Structures are given as structure tokens and as C-alpha cells.
Amino acid sequence: QVQLVESGGGLVQAGGSLRLSCEVSGSIFSIHAMDWYRQAPGKQRDMVATITNGGHTNYADSVKGRFTISRDNAKNTVYLQMNSLKPEDTAVYYCRLDGYSSEMGWGPYWGQGTQVTVSS
């Protein structure tokens, strides 16, 4: 099986920071990219940040300059550092893996999500 477990969400005041983590386990043969998505109540799930296997990153316009995605291959973990948080960043944040599992085939694979709430 492939498992993605997010952590690090919580309640923070506007202007504050949080760091989300996503630990990957299971029979992953190759990873093309890992992403963070978010979904606010009543809205669609949108990409927030992505990091490719080569280390290239891309961000949604709404988070550029405030969020940073990174990965630690030794720990099979991807992070999302979120600074200068705004109330509109409130959402459930999901980790996504785009890759291939020897047991389960091609992804994408999703975590269960972690709630981030930013108070004004």
C-alpha cells in the first residue's frame, strides 16, 4: 500500500506561520512530483504548491512569496512552510503524490488532509 500522512495543521492568527509535513510510506517505485492542495468549504480543491523529482517548484499565485515547498528524500517527507497566513488560507490541506507504486500502479495518491484555520 501507499500511505501519505499529513501533520502540522491547526489554528493560527493572521500573520502567523505553520509548517505542514507529509510522510510517505509504502511501495513507491518512482516519484514524479509531490504537491500540496487545499480545499475550503464549498470550493473545489486547488493546487497550492508542487515540487518535482528534480527539485523544481511551482506555486499558486495566491501563495507566492509566502509559502515554500520542500522535500527530504531521506525521510520520504515533503513540507509546506506557510508564512504570513491570511484568513483566506483557511482550508483542509492535502498532500498528493504523482508517481508509481510497484503494488498499486500509477497514482496520484492522496493523504487524508489536515485542517488549517487562520483567524482574523
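## Close-up views of a predicted model

Figure 1. The structure is a predicted model, in which local features need pLDDT of at least 70 and side-chain atom pairs count only at pLDDT 80 or more, whereas totals for chains, interfaces and linings use all residues. Residues are numbered from 1 along each chain as its sequence is written, and side-chain values use heavy atoms, with hydrogens and water left out. Strands are DSSP runs of E with at least two residues, numbered from the N terminus. Strand 1 and strand 3 (residues 18-26) run antiparallel and are joined by 6 bridges. Two strands count as paired if DSSP finds at least two bridges between them. On strand 8, Glu 23 has Thr 77 as its bridge partner.

**Figure 2. Four strands form an open sheet in the order 1-3-8-7, with antiparallel pairing.** Its edge strands, strand 1 (2-7) and strand 7 (67-72), each pair on one side only. From one strand to the next, the twist averages 15°; the angles, from 0 to 180 degrees, are taken between the N-to-C directions of lines fitted to C-alpha atoms. Strand 3 pairs with strand 8 in the antiparallel sense over 6 bridges. In strand 8 (residues 77-82), 5 of the 6 residues are buried, that is, under 20% relative accessible area with a 1.4 Å probe and protein chains only.

**Figure 3. A hairpin is formed by strand 7 and strand 8, with 4 residues between them.** The two strands run antiparallel and are joined by 6 bridges. Phe 67 stands opposite Met 82 of strand 8. In the turn, Asn 76 has a positive phi of about 50°.

**Figure 4. A disulfide joins Cys 22 to Cys 95, with an S to S distance of 2.1 Å.** The term denotes a pair of cysteine sulfur atoms within 2.5 Å, and the whole structure holds 1 disulfide. Cys 22 lies in strand 3 and Cys 95 in strand 9 (residues 91-101), 73 residues apart, so the pair links distant parts of the chain. The link is left-handed, with -85° about the S-S bond. Both cysteines, Cys 22 and Cys 95, are buried.

**Figure 5. Strand 4 (28-39) and strand 5 (46-52) each supply at least two residues of the lining of the largest pocket.** A pocket is an open set of points on a 1 Å grid over the protein atoms alone, where a 1.4 Å probe fits, with protein on both sides within 12 Å along at least five of seven lines; lining residues have an atom within 4 Å of a point. Of the 17 lining residues, the closest to the centre are Arg 38, Ala 40, Lys 43, Asp 46 and Glu 88.

Conventions. Buried means under 20% relative accessible area, exposed over 50%, partly exposed in between (1.4 Å probe, protein chains only).
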